[in-house]
Amino acid sequence: MRGIEWLESLPNFEADRSVTLSPLDRVRAAASVLGGISSGLRFIHIAGTNGKGSVAAAAAVLLGDMGFRVGLFRSPHLCRLEERVMIDAVPVESERLEQELRQLAAMTQQQLVPPLTHFEALFVAALSVFSLEGCEIAVIETGLGGRDDATNIIDAEVAVITSIGHDHLTELGPTLGDVLEHKLGIVHDGATVCLGPLDEELRALAMDRLSLNPTIWMDELDVERFPGVGGQELVEHSPLGDRSFFVPLFGEAVAWNVMLAVHAVEALLGRRLTSERIESGLARLHLPGCFEVLRGELIVVVDTAHNREAAAVLGTTLLETFGPEHSIGIVFGMSHGRDPYEFLVALALPGVAALGLLDCGVAPAILRAAAEKVYPDARILDWSAELRSVGELLSSLEVGLVLITGSHCACGTVLCKDIPKLLLDES
């Protein structure tokens with residue numbers, strides 16, 4: 001059996017929440033046999049409800065621009081599995097990942113390593129790839145939570161907590177304090193912690209939990225934003241001196257995520273980065289599905305927001321970037337267990353003229369009921385069985401700006417298919 005086929009045959013918690021996660025000692029045992037966990041890699045470990053992907057990618061490109069060979073493990077993927085295992089900002093070759101998975105499959109069948117779930121096996125294989133390919137640093141994004149997540153077998157020098165929200169309360173709750181405890185589980189003895197903005201109650205809990213760890217609190221930074229064409233200028237005021245740099249991304253939330261990445265890299269390396277160094281590294285930053293703008297006859301924004309906190313940020317960023325004057329069409333699909341009404345209310349967008357509904361786990365009938373409540377005057381189109389091209393579907397919304405959101409599945413409808421040239425600005 002091919003390695004990828006074996007991987008896809010494993011229990012998959014991302015697709016089935018009834019799947020039981022393996023104890024960490026089982027994951028650690030498998031990683032030890034393959035050698036990835038004892039290879040001398042240095043780690044930045046990232047947890048949080050939203051923003052993990054952008055922090056991880058920004059940290060990886062900053063380190064890569066300084067000449068380090070950097071592995072990046074992230075989840076989930078948009079188009080293909082290899083996007084989860086990257087080296088120097090490029091997905092590993094499918095055959096390279098296949099080779100590692102095939103070896104892990106053989107060891108499992110020979111009972112040399114314990115059985116694992118899909119996510120656990122992929123992470124163990126990724127660590128081995130990073131080690132064998134000569135990576136010096138690995139930036140690791142958690143899958144779910146932190147304390148019990150398979151990625152927590154690593155002993156990271158720097159731990160980042162991006163945000164705490166209501167996503168996965170069933171698995172991690174029932175309270176936000178419980179969610180925070182799970183996320184803080186990635187903080188090991190001696191690690192430096194970079195912590196995104198928290199409300200007063202959660203901040204007090206974090207301060208108590210992190211009393212013995214050096215901690216960088218984002219809400220104590222003095223940062224100004226200046227939105228512009230193609231991104232925004234960030235200016236950080238500090239007793240160590242001001243610095244400013246351009247970020248080719250939009251919105252307040254991503255600005256904080258970039259600052260988290262900058263401070264995480266500085267904590268790992270033990271030195272302050274210059275404005276020029278930061279801007280040079282971030283120039284290579286590309287985040288598919290993170291407020292990604294495709295320009296052409298239509299403005300198309302693709303964003304993988306999938307919970308109410310992320311929806312609120314997305315709505316604010318869209319209005320800040322393009323203003324309220326556009327008629328808006330939303331291409332919308334949500335995965336199982338999500339509340340589409342809650343998401344659309346949090347999005348809070350005026351001027352929505354049409355919605356195209358996709359079946360990404362939540363049935364279009366449920367999406368329609370939510371859309372009719374929030375946008376009673378909008379045209380609502382069921383695209384779950386449509387065979388027309390992406391360009392034809394988007395044009396049929398008859399709007400000036402299209403937002404594709406709600407899930408990785410919905411965003412993949414555009415980003416993972418052949419997009420008609422008329423949608424892209426080739427310049």
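The protein chain carries 31 positive and 59 negative side chains. The centres of these two sets lie 3 Å apart. These values, like those that follow, were computed from a predicted model.

The protein chain contains 15 helices and 17 strands. Its radius of gyration is 21 Å, close to the 22 Å that the globule rule gives for 427 residues, so the chain is as compact as a globular protein of that length. Along the principal axes, the C-alpha trace spans about 60 × 60 × 45 Å. Of the 427 residues, 54% are buried. The accessible surface of the chain comes to about 17,700 Å². Carbon and sulfur atoms account for 51% of that surface. Contacts were also examined by their separation in sequence. Among those between residues at least 6 apart, 71% join residues at least 24 apart.

Ser327 and Gly400 are 73 residues apart in sequence. Their C-alpha atoms are 5.6 Å apart. The side chain of Ser327 reaches the backbone nitrogen of Gly400 at 3.3 Å. Ser327 itself sits in the loop between helix H11 (308-322) and strand S14 (328-332). Leaving aside residues up to four places away in sequence, Ser327 touches Gly351, Val399, Gly400 and Leu401. The relative accessible area of Ser327 is 32%. This value falls between the 20% and 50% cut-offs, so Ser327 is classed as partly exposed.

Backbone geometry was examined next. A cis peptide bond joins Ser75 and Pro76, with omega at about -10 degrees. Pro76 lies in the loop between strand S2 (70-73) and strand S3 (85-87). The peptide bond from Gly173 to Pro174 is cis as well, and its omega is near 25 degrees. Pro174 is placed in the loop between H6 and helix H7 (176-184).

Positive phi angles occur at Phe291 and Ala348, neither of which is a glycine. At Phe291, phi is about 45 degrees. This residue lies in the loop between helix H10 (275-282) and strand S12 (292-295). Phe291 has a relative accessibility of 7% and so counts as buried. At Ala348, phi is about 55 degrees. Ala348 is found in the loop between helix H12 (340-347) and strand S15 (352-357).

How values were computed: Residues are numbered from 1 along each chain as its sequence is written. This is a predicted model: local features need pLDDT of at least 70, side-chain atom pairs count only at pLDDT 80 or more; totals for chains, interfaces and linings use all residues. Side-chain values use heavy atoms; hydrogens and water are left out. Helices (H or I, at least four residues) and strands (E, at least two) are DSSP runs, numbered from the N terminus. Buried means under 20% relative accessible area, exposed over 50%, partly exposed in between (1.4 Å probe, protein chains only). Contact means heavy atoms within 4.5 Å. A polar contact is a pair of N or O atoms within 3.5 Å; within protein, one must be able to donate a hydrogen and the other to accept it, and residues adjacent in sequence count only if both atoms are side-chain atoms. The radius of gyration is taken over C-alpha atoms; the globule rule is 2.2 Å times the number of residues to the power 0.38. Accessible areas come from the Shrake-Rupley method with a 1.4 Å probe; for residues, only the protein chains shown count as cover. Lys and Arg count as positive and Asp and Glu as negative; His and the chain ends are not counted. The place of a charge is taken as NZ of Lys, CZ of Arg, CG of Asp or CD of Glu.
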